[in-house]
Amino acid sequence: SLSIETQCEPLPPVLGDRDQVRQVFTNITKNAVESMSRGGTLQITAQAKPGGVYFTFLDEGSGFDAAAQERVFEPTFTTKAAGSGLGLAIVRRILEDHGGSIEMGNRDGMGAWVRIRLQAAEPETPAQT
């Protein structure tokens, strides 16, 4: 069976286009779920830290092989028979366009981790009169 666990502390608003940021989360979640063909748990955490708001995805899937990890952000690279290979290339472009970033790697044991960073929106300050 497959389960998704979330742990989120109170977060500030982030800078970003709602539809594009939604696409980022959808692509990362879809990849994680597809990698867990035998089931497992996808853990998603969110934290506000200096430098932005960080979202971490930990799956119990097959992880990234070494060759895929080096090429995963290239347009048209895919490990899926029916994939276009645009998913993570688009994710990285959206994040960079929003002043954010993405990192990924393999977990000890089994699975992969993906961490994205988005810029926190600056709190509005009252106008000085």
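Predicted model: local features only at pLDDT ≥ 70, side-chain atom pairs only at ≥ 80, totals over all residues.
Residues are numbered from 1 along each chain as its sequence is written, and side-chain values use heavy atoms, with hydrogens and water left out. Helices (H or I, at least four residues) and strands (E, at least two) are DSSP runs, numbered from the N terminus.

**Confidence**
- Among the elements of the protein chain, E3 has the highest mean pLDDT (96) and helix H2 (residues 66-71) the lowest (65).
- Over residues 81-85 pLDDT stays under 50, and the model has seven contacts (heavy atoms within 4.5 Å) for them beyond four places in sequence.

**The sheet**
- Five strands form an open sheet in the order E1-E2-E3-E5-E4, with mixed pairing; two strands pair if DSSP finds at least two bridges between them.
- Strand E1 (2-8) and E4 are the edges, each with a single partner strand, so one side of each has no neighbour in the sheet.
- On average, neighbouring strands of this sheet are turned by 15 degrees against each other, direction ignored; axes are lines fitted to C-alpha atoms, for helices over the stretch in contact, with angles from 0 to 180 degrees between N-to-C directions.
- E1 and strand E2 (residues 40-49) run parallel and are joined by seven bridges, with Ile4 partnered by Leu42 in E2.
- Helix H1 (residues 18-35) packs on the sheet and touches E1, E2, E3, E4 and E5, its direction making about 175 degrees with that of E5.

**Around strand E5**
- Strand E3 (residues 52-58) pairs with E5 in the antiparallel sense over six bridges, and Val53 has Leu118 as its bridge partner in E5.
- Strand E4 (residues 101-106) also runs antiparallel to E5, through six bridges; here Ser101 stands opposite Arg117.
- The hairpin of E4 and E5 has five residues between the strands, and Gly109 in it takes a positive phi near 95 degrees.
- Five of the seven residues of strand E5 (residues 112-118) are buried, meaning under 20% relative accessible area, while exposed is over 50% and partly exposed in between (1.4 Å probe, protein chains only).

- Leaving aside neighbours within four places in sequence, Ile116 contacts residues including Val24, Phe25, Ile28, Phe57, Leu95 and Ile102.

Definitions and conventions
pLDDT = per-residue confidence, 0-100.
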